[in-house]
Amino acid sequence: MIADIANYISTHSAQLGTQITAHIGISLFALIVAVVIGVPCGYFASKSAKSEALVTAPFEILRVVPSLAVLILLIPIMGTGVKPAVTALTILAIPPVLLNTSVGFRSIPEFMVESARGIGMTEREMLFKVRIPGALPMMLAGIRTALVEIVASTTLAAKIGGGGLGEIIFTGLGLNRTDMLVLGGLLVAALSLLSGVVFDVITRRLLRYKYV
Amino acid sequence: MSVIQYENVCKKFAGSSKYAVDHVSAEIESGEFITILGSSGCGKTTLLKLTNRLYDPDDGKIIVEGVDIKTVDPVELRRRLGYVIQQVGLFPHMTIKENITVIPSLMKWDKRRMDERADELLKLVGLEPAEFRDRYPHQLSGGQQQRIGLARALVLDPDIMLLDEPFGAIDAITRLNLQNELLRIQGSLGKTILFVTHDINEAFKMGNRVMVMNEGRLLQFDTPREIVQNPADAFVKSLIDSARTQEKFWEGAL
């Protein structure tokens, strides 16, 4: 078994490299899109109960639909390939980013904002100097959740021709090859763990003040 | 010349039938240390926040340094009035130096000038610059944080300081030290200070004149001695009596 896996790695190393790169590429792209949409929406949601209901409701509904179902449903609209895969992953990833961003902005104590205003900051200066840095820890926690979910779920992208490590697993399933299944599974797990660790390192740098 | 004038200032909050600040008129001279005394909900904090336009009055006007503040940009006004609150509100993600110089950095002071100003202020509030300038707020005690709050409020060298129960959450011994330091700072810099407190001992110790407030109204505004000798009404008298009773308790205990 281990010999089979080693053999597969040595004969398919170029292909594995492409698949890992594709997996990371799709994941990162979906994450970036989710952040670009989720963070502003989360900020808007934090403004009032009404705006929160307005923004979160559609994503909450979409999140209930399983990713695989979203993928299949997107085929008639977007065809196959990377585009529907990234779309489905983004839908999956937006809620944790959005909700945590909203909670992050709400968690800033009123007195902090008031003292910032009282010493003479404009609303715009407060946004960049006080509110965003204050919301950042929660925001990053949400992005981390999204990242780990995306890396695991990108596996499904192969189902509709999106590429990535899912190709090994789905091919392994088709050929009933345990070595491919184990290798694919291990690689996805390792990538998922690694992405979490890398993200934690970045977080620690961004939030250095918390660790002194 | 009076540096702050309140003329029939009124403030009512939405949904409340009573005035938070009820027709308050007073004049404050330059260099005075004014304490505003009253129990919670009496309007003392509201009066302070009307002074730097965190609130705007429903009626009446407030004149600061000869100008009706209604006509002044709130941000510009606030940068001329130092402001400190009980919870301090230091920014957790900034070092002590960055906290002190946050407004100067927005005003694009050069780095050297900011460094010098931060060190100067740290010394003024009794903290060793080399030890404290690069720390973060959560590494400081409550009393030290309040000193930084004071330094931050002093950074643009305002002539007037508004302090809202700055020592309210600080233990008795540290509070005594901070009170004495504040009196020393005020004595050496000649600032005009408005200091809100609910502690009658603090109010009478710190203020050269005391504003006694209840239910939005300014009941008496006079020197501590005059207030003790001639309380304006039953409420002021009861306030003084309660302080006296406390004192008796200490004498009895010894």
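Of the 212 residues in chain A, 40% come out as buried, meaning that 20 or more other C-beta atoms, placed from the backbone, lie within 10 Å of the residue's own. This is a predicted model, where local features need pLDDT of at least 70, side-chain atom pairs count only at pLDDT 80 or more, and totals for chains, interfaces and linings use all residues. Residues are numbered from 1 along each chain as its sequence is written, with chains lettered from A in the order in which they are written.

On to where the chains meet. Here 19 residues of chain B are in contact with 17 residues of chain A, contact being C-beta atoms, placed from the backbone, within 7 Å. On the chain B side, elements giving two or more residues include α2 (74-80) and α7 (142-154) of chain B.

Chain B also holds an open, mixed sheet of six strands, in the order β6-β7-β8-β3-β9-β10; strands pair if DSSP finds at least two bridges between them. β6 and β10 (217-222) of chain B sit at the edges with a single partner strand each, so one side of each has no neighbour in the sheet. Within the sheet, β7 (residues 160-164) and β8 (residues 192-197) of chain B run parallel over five bridges, and M161(B) stands opposite I193(B) in β8(B).

Conventions: A residue is buried if 20 or more other C-beta atoms lie within 10 Å of its own, exposed if 12 or fewer, and partly exposed in between; C-beta atoms are placed from the backbone. Two residues are in contact if their C-beta atoms, placed from the backbone, lie within 7 Å. Helices (H or I, at least four residues) and strands (E, at least two) are DSSP runs, numbered from the N terminus.
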